[in-house]
Amino acid sequence: MTSALAFGQVTEGRTSTGLRYLERKSDSDTLTFFFHGLGLDATDYLGYLSHTDTHGIALNLRGYEPDRSAGIPPVPLASHIRMAAAFVEEVSRENADKKIVLLGFSLGADLILQLAEQWQDGRGVPAVHAAVLLDPNVNQSTMTISRMFAEADPTDPVPAFKRLVNLAPDKDGFRSLCHYLAKVAPKDFEQVAQLSRDMITYWRPDGYEQFGARLHNVTRVADHVRLVLSASYGEHLSAMRTAMGRHGDGGNVSVELTELDHFDLIDEDRLASVLAPFTG
């Protein structure tokens, strides 16, 4: 792996397979991997990485780099998981003396669920100290944006962008969605549409048993698991806890229901608070 651009103490690196990432190196005893949401990228974590004293790496999924031009064929979900797993495994081996923490936001949290599935066979699994999932999906009812993007015309996503903005409940929600779309719009939307369709296929339309089983896989590879949920998850929390309990995880997973908007979960100060118990 090599480093190129620098953002203060944060450098940009590239793996031998072409994945790009932002890294804040430190001699801390923890190493945190960050996974971004649908249509977003590693720069969502740049603020946190720039101010933390701990070692952190934010990965860009292939085709989601902020300056990536069109031309790469749409990358299927299975390939994203394979590349992300190989990256985490390689870097974890290179930092064998450090405790590994995984943090994922939205689709990034779903990626952690899928990495845990991949590691169930015991091959390549790193010793994960903690896994932090910010608003993971629980079924298709929590996938409003993914559904819109999956159904959109990949060559003309603007109508889908307009429909999404129209869902804003208030000025704060409107501002959040506009900020989100400002990051998504420059991306190759064929990549976004492909991943949206794949993620819709990954989840059942309703019910919570699938979520409970997948979260249980995470508890088998991580010593600590923490769920942090935005306010909209209040309607799901009871059923989520019930599903977790059926898999014996009712008391093994810490759950925090916040009053925050979905996108506020990756605010720099919020990330610092969420990670403090595992990286402090």
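Let me start with the cavity. Three elements each supply at least two residues of the lining of the largest cavity: α3 (107-118), β7 (128-134) and α8 (209-221). A caveat before I go on: this is a predicted model.

How many cavities of 30 Å³ or more are there? The count comes to 1. About 30 Å³ of space lies in the largest cavity. Its lining is made of L102, I112, L115, A116, W119, V128, A131, V218, V221 and A222. By class, that is 10 nonpolar residues, no polar ones and no charged ones. Which element gives the largest share of this lining? α3 does, with 3 residues.

Now to α3 itself. Check its length. α3 has 12 residues, which at 1.5 Å a residue should span 16 Å. The end C-alpha atoms are 16 Å apart, so expectation and model agree. Is α3 mostly covered or mostly open? Mostly covered: 10 of the 12 residues are buried. Those are L107, G108, A109, D110, L111, I112, L113, Q114, L115 and A116. Among them, I112, L115 and A116 also line the largest cavity. What do the buried residues of α3 pack against? Three strands are on the list, β4 (30-35), β6 (99-105) and β7. The helices there are α2 (77-94), α7 (189-202) and α8.

Next, α8. This helix has 13 residues. From first C-alpha to last, α8 reaches 19 Å, close to the 18 Å expected at 1.5 Å a residue. Its buried residues are Q210, F211, G212, R214, L215, N217, V218, T219 and V221. V218 and V221 also belong to the cavity lining. What covers the buried part of α8? The cover includes the helices α3, α7 and α9. It also includes the strands β7, β8 (222-229) and β9 (253-257).

Two loop residues deserve a look. Most residues other than glycine have a negative phi. S106 has a positive one, near 60 degrees. Where is S106? In the loop between β6 and α3. S106 has a relative accessible area of 15%, so it counts as buried. The second case is D135. Its phi is positive too, about 50 degrees, and D135 is not a glycine. D135 lies in the loop between β7 and α4. Buried or exposed? Buried, because the relative accessible area of D135 is 1%.

Over to helix α7, and to D198, which lies in it. At 19% relative accessible area, D198 is buried, since the cut-off is under 20%. Leaving out residues up to four places away in sequence, D198 touches P76 and L77. What does the side chain of D198 reach? The backbone nitrogen of L77, at 2.8 Å. There is also a distance to A150. D198 and A150 are 48 residues apart in sequence, and their C-alpha atoms are 8.5 Å apart in space.

The largest pocket holds about 890 Å³ of space. It is lined by 38 residues, and the closest to its centre are T144, I145, S232, D261 and H262. Which elements each supply at least two residues? α3, α4 (144-151), α6 (171-184) and α9 (234-246). α6 gives the most, with 5 residues. By class, the lining has 17 nonpolar, 13 polar and 8 charged residues.

The second largest pocket has a volume of about 300 Å³. Of its 17 lining residues, D44, H179, F263, I266 and D267 are the closest to the centre. Two or more residues each come from α1 (46-51), α6 and α10 (268-279). Again α6 gives the most to this lining, here with 4 residues. The classes divide into 8 nonpolar, 4 polar and 5 charged.

How accessible is S273? It counts as partly exposed, because its relative accessibility is 41%. S273 and G251 are 22 residues apart along the chain, and their C-alpha atoms are separated by 21 Å.

To close, back to the cavity: α3 gives its lining the largest share, and the lining has no polar and no charged residues.

Definitions and conventions. Residues are numbered from 1 along each chain as its sequence is written. This is a predicted model: local features need pLDDT of at least 70, side-chain atom pairs count only at pLDDT 80 or more; totals for chains, interfaces and linings use all residues. Side-chain values use heavy atoms; hydrogens and water are left out. On a 1 Å grid over the protein atoms alone, a cavity is a set of points where a 1.4 Å probe fits but cannot get out, and a pocket is an open set with protein on both sides within 12 Å along at least five of seven lines; lining residues have an atom within 4 Å of a point. Grid points are joined across faces, edges and corners, and a volume is the space filled by probe spheres set on the points. Ala, Val, Leu, Ile, Met, Phe, Trp, Tyr, Cys and Pro count as nonpolar, Asp, Glu, Lys and Arg as charged, and the others, Gly among them, as polar. The expected span of a helix is 1.5 Å times one less than its number of residues. Buried means under 20% relative accessible area, exposed over 50%, partly exposed in between (1.4 Å probe, protein chains only). Contact means heavy atoms within 4.5 Å. A polar contact is a pair of N or O atoms within 3.5 Å; within protein, one must be able to donate a hydrogen and the other to accept it, and residues adjacent in sequence count only if both atoms are side-chain atoms.
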